[in-house]
Amino acid sequence: MTLSKLSARNAKRQTKDYLVYFVTVVMAAALLYSFNGLVFSQEISTLSNSISTLPLMIMLASVVVVCVFGWLVSYATRFMLLRRGRELGTYLLIGLENRQVARLFFLENLAVGGCALALGAVLGGLLYQAFRAIVLTLFGLPYTFSFGFSLPALGLTVFYFVLIYLFALRRSRRYIRKAKIHNLIYVDRANEGMVFQTGTVRRWIFSVSIVLGVAGTCLLMAGGAIFGIIGAGCVIVSLFGFFLSFASGIPAFFDKRPARKYRGQNLLVFRALTAKLATMGTLMAVISLIFTATVISVGSGMVFRGLFAGRAAENACFDLYIGVDGSEPLSQDYLDYIQANIPVEQDLYYCVYQTEDSRVMDYVENLGEDYYPYSDRDYVLSYSDYAALRSIAGYPPVELKPGEYLIHCMSYLEKHLAGYTQPISLGDTSLNLGGVHTEHLLQNYDTSNGARYILVVPDEAIEGLLVLHHAYAAKTVQPVTEDQWDGLYSIHYRQQEQNSERSYDEIHTKTTEEADAAGWTAVTAFPLFFLALSLSMTAATILTIQQLSETTRYGQQFQLLQKLGMDRREMARTLRNQFAIYYALPAVPPVLIGVPVILRFAHAPEPGVMVGINSPRIIVAISLGIFFLIYAIYILLAYTSLKRNVLPQKR
């Protein structure tokens, strides 16, 4: 049998034995190709100015992903070399030279990588269409399927894979070329060994690692580059210290407590577990670190998505809005430009007023909410203007009864302001609260309809009140185009050049706000989700490879247990317990670290933005759900395979 035929046979067997690894490499190729497709897509790059940095962000994320997948391939290649050491040593015994065995191992792994790349490119074309549909949906554009290969994207993906496999196989090839027959045959007996031999050192390291983990998490939550770097360093040291001391300490724990060792199935579960963990402390720490980065990446992507969506929802409630800071009227140039260039179905030029006191604002400040007082007086809007604004925004009309006023606020203040029972006084008029409304009304800025809230009063009650600023809102016949928005902003720049002391104008259009939100979501959330998916797949694959490599040993163990009288149900329960502990260990620290960091990050934006489905708790729940969904797929695949191969068949 020639080397090429032997390589092909071994590659086929390797793909079957390490199916999870092969599938993950196929997915890696598909992900890289699909995101490279976004980088080189002219259609995507012309959607919005805010998406112009998407190629750069994806390229940066791809560099990290290539390094991660490179580590996966390198680890899996080294692992397979250890497992097949006797086979490769046998080739030397029958007369093959080291360079021939090295070439054999190189060719069969290259064949596996080539097949994975080919399948991944086909799957990546479909994934690209899915990502393309998501991006177009973000911008509210129709999607039509148009399958096709992007040669630049395929070329970059091939380049990535060549780098990954050349780096991974170079070390193995060099090792085989220099290896002795004895070294190859007994290479699978090498293990990591215990790092901490004495109980005192082990307990001290374990305690310090817990303290460092808590301190690192707190520093990550504190924010800032310096605190973030120090916190990340503490977390890394903590995870390595925890797993190295924990893995070394399991045998000592049960040796001192023999009663627990022999209780129930503990001996079976923890004997297999300690045999595994005692040689995997460093690997478990690395995997747990990757899972931590995965959870934080998913959570950060969800926070960014919620932040941009929340801001856009508030700012895009009108087709067109212009606000002027201060009491100066809106420039006639704006109105002339709108009349000449933007067909309007309904519009309103109005004023926002302010009261003589700040009793409602003082009440809001004392609520304990994160509220910044934008003024020293309450904002006021006349009922007729408010009714017109609701009509322009497409909201149903509301009634204002005599002797009452309304409050329109952002949703997070509703429960508090609904309980405000004190009347307000405007001149000789005293008004009681008649209701609270929370639809989006552009209440984010000084030049908008109130800073988080505004008082709506009868028209006659505004007489004598000071004008805070002027504003213009319109419902247009067609969405405002980017060119029309540029025309409005050119007026703003021209006025600023003519009078540097002129008040600042705010210009918002629904199309611009939604496009910016979609663009920034794509630029930030997409690369983070891409990174998180790649990280989780890599770590879960390595765990699964390690577990499935014990199929033969597990089979022998359970055959012996069957002969000793253990029934299949009890053996299945033992296997489940071993699986649960093995897969839970590297996943618990990421949850304990990632959840508070995501919560802190989700509370960082201004109040009223992260609400509803984008609230911090829901973001944490979705982030953990995505992480554990991917993790569960690998656990289920490993458990199903192992259960089928090691447990005795039902009679």
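Reader: Which side chain meets aspartate 357 in a salt bridge?

Author: Quick housekeeping: this is a predicted model, where local features need pLDDT of at least 70, side-chain atom pairs count only at pLDDT 80 or more, and totals for chains, interfaces and linings use all residues. Residues are numbered from 1 along each chain as its sequence is written, and side-chain values use heavy atoms, with hydrogens and water left out. A salt bridge here is a side-chain nitrogen of Lys or Arg within 4 Å of a carboxyl oxygen of Asp or Glu. At 3.4 Å, N to O, the partner of aspartate 357 is arginine 359.

Reader: Lysine 510 and aspartate 319 pair up too, so how many residues apart are they?

Author: Their side chains form a salt bridge at 3.6 Å, N to O. Lysine 510 belongs to helix H19 (residues 510-548), while aspartate 319 is in the loop between helix H13 (281-315) and strand S1 (320-324); helices (H or I, at least four residues) and strands (E, at least two) are DSSP runs, numbered from the N terminus. That puts the two 191 residues apart.

Reader: Is aspartate 319 buried or exposed?

Author: Buried means under 20% relative accessible area, exposed over 50%, and partly exposed in between (1.4 Å probe, protein chains only). Lysine 510 comes out partly exposed at 28%. Aspartate 319 has 17%, so it's buried.

Reader: And how many disulfides does the structure hold?

Author: We're after a pair of cysteine sulfur atoms within 2.5 Å. Cysteine 351 is buried at 14%, and cysteine 409 is buried at 0%. The disulfide count is 0.
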